[in-house]
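Please examine the sequence and the three-dimensional structure shown below.

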Amino acid sequence: MSAAPAVNGTAAASTSTTSKDLTANLLPHLDRHLVLPLLDFLESRGTYSHDEVLKAKYDLLKPTNMVTYVLGLKREIDGTSDDAEVPEEFKAREQQVVATLNELQAQAQTVMDVISNPEVVSALRQDKLHNLTYLKDTHNVTLEQIALLYRFGQFQYSIGHYSGASDYLYHFRVLSTDSSLVLSSLWGKLASDILEGSWDAAMEELAGLREHIDQRGGAGPGGPLLALQQRTWWLHWSLFVYFNHPGGREALLENWMNQNYLNTIQTSSPWLLRYLVAAVVISRKSTLRSSTGSSARSREAVRDVVRALGQEQYQYADSVTEFLRKLYGEVDFEGAREEMGKAAEVMEDDFFLEQFKDEFVENARYLVSEAYCRIHHRIDIGELSDRLGMTREEGERWIVDLVRDARLDAKIDFKQNIVQMNHSETPVYQSVIEKSKGLLFRVQAMASTMDIRAAGGTVDRESRGDGPKKSTL
């Protein structure tokens, strides 16, 4: 397989800035186990053959403790039956894994028996030091024994037992004061919840992990460069949650539009602009219908995203990002309509966006028609219908819904088949605010880059994603 999917030591092939498939860009920032769903999707779309994906899975999981699964992959690659003799290499690995699993389980269970006791649960407090002292004095549970919860959770993750891994890593995190292992357990529990499909739990873990990363910031161990890498990984892992949780798209906008994370996207992973734009478009109609405050925030988010798209156009662009840039950045309705059709094809081949293709197109039409109405005083419904690829009847229903949902000041004349728009002038102070915000955005991006370089890091855009890899689990 041309882009070998591995994150712990295996490089991924580079991808053109206009490529439909972003898999090679995403893989360096994902854990090995998180790559598996992407490989299955690529095979289902026919991007790679079954044999190529099979070989990629084998190379990806061979270093893990999923011995039985890897053996099955090996047999399928070699064309041997399930009844064939197990190679000595796999026999020894399997025996070692089983022995380690049993040993860690017995040791960790001793601690779990204590902390699961109702009397102990009622005695524990929010203060970790108090809890550690209580457990040591009352039940002789030491820090080393608590660390066994992490080791067992980590080992369960490595063999593909994600539910158990999530449980043990959670209990370790609640008790431990080791900041390094606590951070690692946060990553591990998030990955476990994602692979289990527990999206509510994953959403909570995602918020907790972001809070931990932000608290450490650039002043923590590793400096601004490590903070940039942590935020980059967080952004990539969050894709699984935000495009599977029912409220994920709105949550994505709320978190990704934070200045630190938007700067991270522009600095280290501009391809994520595709998903930011998709979230903007998909959630646009729902925010307009919710409240005036939400609508205003949505418009502000669109302006900020369009500004970022213009700044990063030379570095990354695809049909999804170009749709929004041409619509709002260039006010090119014909170009936006063409990109809208191409964007649907791009999303069909994207693991995270495939299920939102139809919703994206519907909302994209909504944005085109809304923008068209806001800059014209007199609109021919037939012409607008043609621009949106609709029949005359569909266009009439569409414009009625648009005027109602977008709260446009307009009158519809069905006899003349026109819409008369009544526009109010934008206050001068509002224009000044918008220009000032653009200046602030650029200054903050420059300051972030200077901090990274001062710490000895690099923001060379030709080598994005080549930084040191994390050793989570």
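Predicted model: local features only at pLDDT ≥ 70, side-chain atom pairs only at ≥ 80, totals over all residues.

**A guided reading of the model**

Lys 189 is buried, because its relative accessible area is 8%, which lies under the cut-off of 20%. Lys 189 belongs to helix H10, which covers residues 179-196. The side chain of Lys 189 forms a polar contact of 2.8 Å with the side chain of Asp 193. When neighbours within four places in sequence are set aside, Lys 189 is in contact with Ser 166, Leu 169, Tyr 170, Arg 173 and Glu 205.

We turn next to the sheet. Three strands form an open sheet in the order E1-E3-E2, and their pairing is antiparallel. Strand E1 (378-380) and strand E2 (410-413) are at the edges and have a single partner strand each, so one side of each lacks a neighbour in the sheet. On average, neighbouring strands of this sheet are turned by 20° against each other, direction ignored. Strand E3 (residues 418-421) runs antiparallel to E2 and is joined to E2 by four bridges. Ala 410, for instance, has Met 421 in E3 as its bridge partner.

The structure contains four cavities of 30 Å³ or more, and the largest cavity has a volume of about 80 Å³. This largest cavity is lined by 13 residues, of which Asp 21, Thr 23, Asp 349, Asp 350 and Phe 351 are the closest to its centre. Helix H1 (23-26), helix H2 (32-44) and helix H15 (273-290) each supply at least two residues of the lining; H2 gives the most, with three residues.

Definitions and conventions
Residues numbered from 1 in each chain as written. Heavy atoms only, no water. Pairing = 2+ DSSP bridges. Axes fitted to C-alpha atoms, helices over the stretch in contact; angles between N-to-C directions. Buried < 20%, exposed > 50% of the residue type's maximum accessible area, 1.4 Å probe, protein only. Polar contact = N/O pair within 3.5 Å; in protein donor to acceptor, adjacent residues only side chain to side chain. Contact = heavy atoms within 4.5 Å. 1 Å grid on protein atoms, 1.4 Å probe; cavity = no way out; pocket = protein on both sides within 12 Å on 5 of 7 lines; lining within 4 Å. Points joined across faces, edges and corners; volume = space filled by probe spheres on them.
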